[in-house]
Every structure is written in C-alpha cells, then in structure tokens.
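Please consult the sequence and the model shown below while reading.

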Amino acid sequence: ISTYKSRENVAFYVFNFLKPDNPLYNHVESCKNIDHDITFAKKTIDIVENLKHIYAEVERRGNEDYDGEMKDIYIFIYAMELGQAFRPNRDGRVKPSEAMQLLSNILREGPLVHIHTILQIDNCRSVSQTCGDGFVNYFNYRIVLQMDPKSSRMIGCDASNLYNSQKQWTKYCGYYVDVKNDKQSKFRTYSLIK
C-alpha cells in the first residue's frame with residue numbers, strides 16, 4: 001500500500017482478522033496511518049456492506065456501456081480462517097455466508113475490471129473449511145510456505161519438505177505458483193524487519 005505511487009487512482013479495503021499477538025498484526029494496522037484511500041473493516045456487517053459496494057462497482061464496470069476510469073481496487077484479507085463473516089452458514093446444511101458469496105463473485109469477475117484480492121490464510125484445511133474446495137481456483141498466483149502434504153491440492157506439488165532442520169535458512173523457503181502460465185518456482189523469503 002505504501003509503495004503505490006498514484007493515490008488518486010487506487011482504493012484499498014483491509015479485512016484484518018489477525019490476533020494482536022501475531023507479529024504481522026502491527027504491520028497491517030500501521031497502514032491506517034498511510035495517506036491513501038483505505039477502508040478497514042472487521043465486523044461482519046461492515047464487511048458485507050463493503051463487499052456489496054465493491055461488487056456493485058464490478059457490475060458497473062462490467063457494463064458494456066461503461067467508459068469511465070477504472071481506479072484500481074485491492075482487497076486484502078488477513079487470517080481469513082478467523083473471520084466470522086466468511087464462515088459458512090449451518091442451518092441443517094452447509095451453505096456459504098453472504099460475505100463469501102459476494103467475495104466469490106468479486107474474485108470471478110473483478111480482475112477483468114481492475115479489482116484484485118490478496119488473501120492470507122493459514123493452511124489448506126482452512127481454505128476448504130472456510131471457503132469450499134473450489135475456492136482456490138479463483139487465484140492465479142499462489143504463494144505457499146511450509147505446509148502439510150495436502151498442499152499439493154493448492155499448488156500441484158508437495159510443500160511439506162521445504163524446511164530442513166539442518167539448514168535454518170530453509171525456514172523461509174516457499175513456492176510461488178503462476179497457474180495461468182503453468183509455472184512453479186521455489187523461492188526464499190526473509191523474516192520481517194523489526
């Protein structure tokens with residue numbers, strides 16, 4: 001967010017469900033001090049309203065008569081597995097929440113009209129429990145760090161063997177996957193700077 005140069009041509013939505021003891025929490029919260037068009041939401045009612053607003057913009061831009069400026073919109077969702085708004089409704093049968101239905105529509109139609117989503121979730125099991133099995137197919141670009149063997153469902157290879165206790169630096173290894181171009185790269189990240 002802070003590196004985006006043109007403030008007038010971008011809007012950010014941040015749904016942060018990280019717990020305060022998570023090292024990333026303060027980094028995300030510090031974005032509130034950046035001079036950009038940033039909307040933070042945590043309560044279900046606020047998230048649903050924001051997603052309705054974003055989806056209305058998707059539909060407006062998708063109209064073939066639309067010739068207005070397409071301001072970039074980014075949705076950041078941190079620790080989605082902890083977000084009550086995205087949990088499925090369980091009234092005898094499991095069905096997606098209103099927020100999840102809206103987000104699915106935005107993920108499907110938004111990228112073509114400059115609306116992008118960056119999602120952080122803790123593991124493959126959480127993706128299928130919170131979002132459903134097909135949800136990951138909406139994401140062309142995926143980054144996976146050390147995960148259990150089920151990670152192959154998400155990236156097409158086993159990410160359970162990235163960490164080698166003999167080589168501490170491997171703690172920060174991961175896979176970057178570009179699904180659209182069928183490319184997979186192993187990479188090394190670095191710990192957060194304090």
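## Overall composition

Of the 194 residues of the chain, 39% are buried, where buried means under 20% relative accessible area, exposed over 50% and partly exposed in between, with a 1.4 Å probe and protein chains only. Contacts (heavy atoms within 4.5 Å) that join residues 24 or more positions apart make up 62% of those with a separation of 6 or more.

The model is predicted: local features need pLDDT of at least 70 and side-chain atom pairs count only at pLDDT 80 or more, whereas totals for chains, interfaces and linings use all residues. Residues are numbered from 1 along each chain as its sequence is written, and side-chain values use heavy atoms, with hydrogens and water left out.

## Order of elements

The chain contains 5 helices and 9 strands. These elements are DSSP runs numbered from the N terminus, with helices being H or I of at least four residues and strands being E of at least two. Read from the N terminus, the order is β-α-β-α-β-β-β-α-β-α-β-α-β-β.

## The parallel sheet

An open sheet of 4 strands is arranged as β2-β1-β3-β6, and its pairing is parallel. Two strands pair if DSSP finds at least two bridges between them. The edges are formed by β2 (38–41) and β6 (115–119), each of which pairs on one side only. From one strand to the next, the twist averages 15 degrees.

Within this sheet, β1 (residues 10–16) and β3 (residues 72–78) run parallel and are joined by 7 bridges. Phenylalanine 12 is placed opposite tyrosine 74 in β3.

## Helices on the parallel sheet

Helix α2 lies across β1, β2, β3 and β6, and runs at about 145 degrees to β1. Helix α3 lies across β3 and β6, at about 120 degrees to β6. Such angles run from 0 to 180 degrees between N-to-C directions, and the axes are lines fitted to C-alpha atoms, for helices over the stretch in contact.

## Packing of α2 against α3

Two packed helices are described by the angle between their axes and the distance between the axes. The axes of α2 (residues 44–62) and α3 (residues 98–109) come within 9 Å and cross at roughly 30 degrees. The two helices are therefore roughly parallel to each other; angles under 35 degrees count as roughly parallel, over 145 as roughly antiparallel, 65 to 115 as roughly perpendicular and the rest as oblique.

On the α2 side, the contact involves Ile47, Val48, Leu51, Lys52, Ile54, Tyr55 and Val58. Glu98, Ala99, Leu102, Leu103, Asn105, Ile106 and Glu109 contribute from α3. By class, the contact residues comprise 10 nonpolar, 1 polar and 3 charged. Here Ala, Val, Leu, Ile, Met, Phe, Trp, Tyr, Cys and Pro count as nonpolar, Asp, Glu, Lys and Arg as charged, and the others, Gly among them, as polar.

## The antiparallel sheet

A further open sheet has 3 strands in the order β7-β8-β9, with antiparallel pairing. Its edge strands, β7 (141–144) and β9 (183–188), each pair on one side only. Neighbouring strands here are turned by 20 degrees against each other on average, direction ignored.

β7 and β8 are paired over 4 bridges, and tyrosine 141 stands opposite aspartate 178 in β8. Strand β8 (residues 173–178) is joined to β9 by 6 bridges, with lysine 186 in β9 as the bridge partner of tyrosine 175.
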